[in-house]
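Please find my note on this model below. It is set out as numbered points, to be read beside the coordinates.

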Amino acid sequence: MEGRLIIVEEAESTQDLARDMAEQGESDGLAIMALHQTRGRGRLGRSWISPPGKNLALSLILRPDLAPAQGVLLGLLSSIAAAATIEDRGVPAAELRWPNDVLVRGRKIAGILPEARIQGPVLEYVIIGIGMNVNTEISDFPAELRSFVTSLFICTGTKWGIEEIARSFLEHMETLSRRVESEGCAFIPPLWENRWAHRGRVLRRDGLTGRAEGLDSDGALLLRTDDGSLVRVTSGEPVPLDVHDSG
């Protein structure tokens, strides 16, 4: 991956722009950043709150030489890159919540949205969307979210350049992508687990309750249920039972 960055003043969704460009044959490594995103989306169709000029809204086209089943690992890889970008700004101990959220002191600061195009046995491309709260102030968030979110500005008291944050994220992605090219994907789950906020916690998802034990080699969440079974969770967002979680 050789990162290239296009900056636009406004877009409904950088994901949609990146997908259109990928469909037109745009090569690996192109990133599109919008200074104002009007219809940004997160996982499960949720919207991403992004006041003009305050947050990072970026989508990155990847064309990895991977099997389709490995595509989800690139979402985990991107959350690692986002956490490293945050720590570069002096914020300690950025943690990860499965599958693709970045937390600081339990509050969400960034989220990753991976979307892939698969044709039969071929992973044609993956679009990695990242939304990161950069210069957002607490008053920018709806009252009901203020206990669950944070930003680089809230954490550091410093205003940051959005383009600077974007390029830092892309540099971390390039380093990690080169490692994938040379080593494969086996290093991703354990590297992600090093930042995992909920290891050993009791989680619940769709009536299933279990203790979080780790990640499988394909990025699936492994839960140990009360009967001793080890169950894979491949979608959704397990909710910790021993602490209130914003989701």
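Predicted model: local features only at pLDDT ≥ 70, side-chain atom pairs only at ≥ 80, totals over all residues.

1. The protein has five helices and twelve strands. Of its 247 residues, 49% are buried.

2. Contacts and surface. Among contacts with a separation of 6 or more, 63% are between residues 24 or more positions apart.

3. Aromatic rings. How many aromatic pairs does a search of the whole structure find? The search finds one. The pair is formed by W192 and W196, with 5.7 Å centre to centre and 50 degrees between the planes. That arrangement counts as tilted, because the edge-to-face class is kept for planes over 60 degrees apart and the stacked class for planes under 30. Both W192 and W196 are buried.

4. Charges over rings. K159 lies over the face of F153, at 4.1 Å from the ring centre. R179 lies over the face of F187, and here the figure is 4.0 Å from the ring centre.

5. The second largest pocket. This pocket holds about 340 Å³ of space. It is lined by 21 residues, and V72, P99, N100, P114 and T234 are the closest to its centre. Which elements give two or more residues to the lining? They are β6 (107–119) and β11 (230–233). Of the elements, β6 gives the most to the lining, with four residues.

6. A cis peptide at the pocket. The peptide bond from W98 to P99 is cis, with omega near 5 degrees. P99 lies in the loop between β4 (95–97) and β5 (101–104), and P99 is also one of the residues closest to the centre of the second largest pocket.

7. Positive phi at A93. Phi of A93 is near 55 degrees, a positive value in a residue other than glycine. A93 lies in the loop between α2 (72–88) and β4. Is A93 buried or exposed? A93 is exposed, because its relative accessible area of 52% is over the 50% cut-off.

8. Positive phi at R105. R105 is not a glycine either, yet it has a positive phi of about 50 degrees. R105 is found in the loop between β5 and β6. Its relative accessibility is 63%, so R105 counts as exposed.

Conventions
Residues numbered from 1 in each chain as written. Heavy atoms only, no water. Buried < 20%, exposed > 50% of the residue type's maximum accessible area, 1.4 Å probe, protein only. Contact = heavy atoms within 4.5 Å. Phe/Tyr/Trp six-rings, centres within 6.5 Å; stacked < 30°, edge-to-face > 60°. Lys NZ or Arg CZ within 6 Å of the ring centre and 35° of its normal. 1 Å grid on protein atoms, 1.4 Å probe; cavity = no way out; pocket = protein on both sides within 12 Å on 5 of 7 lines; lining within 4 Å. Points joined across faces, edges and corners; volume = space filled by probe spheres on them.
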